[in-house]
Amino acid sequence: EHGFIAFFTEVSNAPGAIEASKVLDAYGALPGHITETADADSAFTQAKPEGPPCYATLPIELWSDAMKKMEKPMLLIEQNIYGHQRASNIWETHCDGEVQAEDFKPIGEAWNSTYWHVVLRVLLFIYVDDFKLSGPLHAVREAWRRLRKRIMMSDPEIADRFLGCQHNI
């Protein structure tokens, strides 16, 4: 915004490279291959909070009668919530663990959130709560099945728009 250099690997949540997304487009364009996308449902809330306990207050109109008798009622946050300073990092760590538990292996440090599944021969790219998957049609279907056992997400769709890029097939 102000002309400063941004080093994404130095922030708490490192977005994947647009190049990785384009490689998935190319891989999905091979004969017999497909590229699809899906969105994680309420992504941040799928992860449990990490670190020291965190407490919050509710707006007064949501207080129970018992809470109204207290000076300043506080509630323990038991679910990762949007707005928490580490919410995106907690989600990213959780998501990475779930993806790797299904044998998706990280490509490497240069392409954050990009994975290869050796057996299925599919590429997976994740940008916060947006998932993009490319590979042989039958393998992509199986990869989605495995991912959706661990992560709640929308039904996969043919990739037509991802990270602001329109796909013309």
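**Entry 1: the S6–S7 pair**

I started with S6 and S7, which pair in the antiparallel sense over 5 bridges. I count two strands as paired if DSSP finds at least two bridges between them. Strands (E, at least two residues) and helices (H or I, at least four) are DSSP runs, numbered from the N terminus. The model is predicted: local features need pLDDT of at least 70, side-chain atom pairs count only at pLDDT 80 or more, and totals for chains, interfaces and linings use all residues. Residues are numbered from 1 along each chain as its sequence is written, and side-chain values use heavy atoms, with hydrogens and water left out.

I looked at the turn next. The hairpin of S6 and S7 has 2 residues between the strands, and valine 128 there takes a positive phi near 55 degrees. Isoleucine 126 stands opposite phenylalanine 131 in S7.

Is phenylalanine 131 buried or exposed? Phenylalanine 131 is buried, at a relative accessible area of 0%. My cut-offs: buried is under 20% relative accessible area, exposed is over 50%, and partly exposed lies in between (1.4 Å probe, protein chains only). In S7 as a whole, 6 of the 7 residues are buried. I also checked phenylalanine 131 against tryptophan 144, 13 residues apart along the chain; their C-alpha atoms are separated by 9.8 Å.

On to the pairing with S1. S1 and S7 run antiparallel and are joined by 7 bridges. Glutamate 36 has leucine 133 in S7 as its bridge partner.

**Entry 2: the whole sheet**

I traced the order: 6 strands form an open antiparallel sheet, S4-S5-S6-S7-S1-S8. Strand S4 (104-108) and strand S8 (157-158) are the edges; each has a single partner strand, so one side of each is left without a neighbour in the sheet. S4 pairs with strand S5 (residues 111-117) over 4 bridges, in the antiparallel sense. There I found glycine 108 bridged to tryptophan 111 in S5.

**Entry 3: helices on the sheet**

Helix H3 (residues 87-101) packs on the sheet and touches S4, S5, strand S6 (122-127) and strand S7 (130-136). Contact here means heavy atoms within 4.5 Å. The direction of H3 makes about 15 degrees with that of S5. Axes are lines fitted to C-alpha atoms, for helices over the stretch in contact, and angles run from 0 to 180 degrees between N-to-C directions. H4 lies across strand S1 (33-39), S4, S5, S6 and S7, at about 145 degrees to S7.

Which residues of H3 are buried? They are Ala87, Asn89, Ile90, Trp91, Cys95, Glu98 and Val99. Their cover includes S4, S5, S6, S7 and H4. Just after H3, aspartate 103 takes a positive phi of about 70 degrees.

**Entry 4: cysteines**

I searched the whole structure for disulfides (cysteine sulfur atoms within 2.5 Å). The search finds 0. Cysteine 95 is buried, at 3% relative accessible area. Cysteine 54 counts as partly exposed, at 27%.

**Entry 5: confidence**

Last, I read the pLDDT, the predictor's confidence in each residue from 0 to 100. The chain mean is 84, and 85% of residues reach 70 or more. Over residues 7-13 the pLDDT is below 50; this stretch has 10 contacts in the model beyond near neighbours in sequence.
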